[in-house]
Amino acid sequence: MILSDKAILEGMEKGEIVVEPFDRAALGTNSYDVHLSKHLATYTDEVLDARSHNKISHFEIPEEGYVLKPGTVYLGSTFEYTETHAHVPFLEGKSSVGRLGIDIHATAGKGDVGFCNHWTLEISVAQPVRVYAGMPIGQLIYFYVEGDIENYYNKKASAKYNQRTPLPMESMMWKNKF
């Protein structure tokens with residue numbers, strides 16, 4: 001089941017859901033709108049290797065916006081820092097963003113119980129489009145979890161994205177054994 005606006009607020013009061021900064025106007029009927037931070041990154045190598053640590057180059061979106069181009073993977077981040085201690089968070093793009101041809105995640109739309117960080121966005125576009133820091137980019141939807149949690153994400157030794165940062169994070173696939 002998806003949490004309603006009232007259930008999201010109740011979760012926040014209990015400390016089960018954290019959104020910083022919180023803006024009541026961003027709370028929808030059953031979701032919370034998140035915004036694009038000023039931080040973007042692109043990979044420095046043309047060919048990425050799943051077994052290697054692929055480096056990224058960070059830059060900021062200027063006041064006049066930044067034009068994203070097809071054929072490039074852009075890593076962005078949410079302006080909001082979030083914590084989810086008792087629910088499964090899903091991040092979906094806003095329909096207005098999708099109608100501009102912007103995808104905000106390739107595969108990583110589901111968070112884990114215990115995820116505490118800014119969300120890294122895997123942004124791609126169908127055609128050139130100018131984006132701006134602070135624009136609504138997605139919405140968090142929270143689902144109930146049935147059963148007790150044995151291994152919260154923020155307590156897992158193997159968790160690769162626990163380092164708190166407002167910057168987008170590159171793939172840590174290279175840390176997996178395969």
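Which residue with a positive phi follows H1? Gly 15 does, with phi near 80°.

## Basis

This is a predicted model: local features need pLDDT of at least 70, side-chain atom pairs count only at pLDDT 80 or more, and totals for chains, interfaces and linings use all residues. Residues are numbered from 1 along each chain as its sequence is written, and side-chain values use heavy atoms, with hydrogens and water left out.

## Helix H1

H1 spans residues 5-13. Helices (H or I, at least four residues) and strands (E, at least two) are DSSP runs, numbered from the N terminus. Ala 7, Ile 8, Gly 11 and Met 12 are its buried residues. Buried means under 20% relative accessible area, exposed over 50%, partly exposed in between (1.4 Å probe, protein chains only). Viewed down the H1 axis, the buried residues fall within an arc of 145°, so they line one face of the helix. That arc is taken over the directions from the helix axis to the C-beta atoms.

Lys 6 and Glu 13 are exposed on the other side of H1. The buried residues pack against strand S1 (17-20) and strand S10 (136-144).

## Thr 29

Thr 29 sits in the loop between S1 and strand S2 (32-43). Its relative accessibility is 63%, so Thr 29 counts as exposed. Neighbours within four places in sequence aside, Thr 29 is in contact with Ser 4 and Asp 5. Contact means heavy atoms within 4.5 Å. Ile 8 lies 21 residues from Thr 29 in sequence, and their C-alpha atoms are 9.6 Å apart.
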